[in-house]
Amino acid sequence: MSGGGFESNDGSGEVNCDIVADFVLQNPDVSVLRRLKQGDDLRVTLIGSSPVVVSGKDVVGSLLIAEAAALIRCIREGHAYRALITAIDVRKSECHVQIRPR
């Protein structure tokens, strides 16, 4: 993930939910990847406590929880996020996304 830390600098421990960050999806579903292309706009949601990227009702892949702690907290607080596909390679089962507020 890139995009820097999301906690405020005032020492309050509050999370800035205006998150824009790049992720490589973990365990992408190749059958779903085949239907997608660079530039597609997907949705970020939680399944249990795991952040995932979905296309319609299909899970495309997950985000590393360790890298997405602030994102998880913000989603639980009611913030919505989208995932824009920035690069995709079905042969390598790779999908890069940029997460940003919806």
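Helix α2 covers residues 69–76, and its Ala70, Leu71, Ile72, Cys74 and Ile75 are buried (under 20% relative accessible area, with exposed over 50% and partly exposed in between; 1.4 Å probe, protein chains only). These buried residues pack against β2 (41–47), β3 (50–55), β5 (81–89) and β6. After α2 comes Gly78, with a positive phi near 105 degrees.

This is a predicted model: local features need pLDDT of at least 70, side-chain atom pairs count only at pLDDT 80 or more, and totals for chains, interfaces and linings use all residues. Residues are numbered from 1 along each chain as its sequence is written, and side-chain values use heavy atoms, leaving out hydrogens and water.

- In β1 (residues 21–24), the side chains alternate.
- Ala21 and Phe23 point to one face and are buried.
- β1 runs antiparallel to β6 (residues 94–101), and four bridges join them (strands pair if DSSP finds at least two bridges between them).
- Phe23 has Val97 of β6 as its bridge partner.

**Overall layout**
- The protein has two helices and six strands (DSSP runs numbered from the N terminus: helices are H or I, at least four residues; strands are E, at least two).
- Along the sequence, the pattern is β-α-β-β-β-α-β-β.

**Whole-protein totals**
- Of the 102 residues, 35% are buried.
- Among contacts between residues at least 6 apart in sequence, 56% join residues at least 24 apart (contact means heavy atoms within 4.5 Å).
- The accessible surface is about 5,800 Å², and 45% of this belongs to carbon and sulfur atoms (Shrake-Rupley method, 1.4 Å probe; for residues, only the protein chains shown count as cover).
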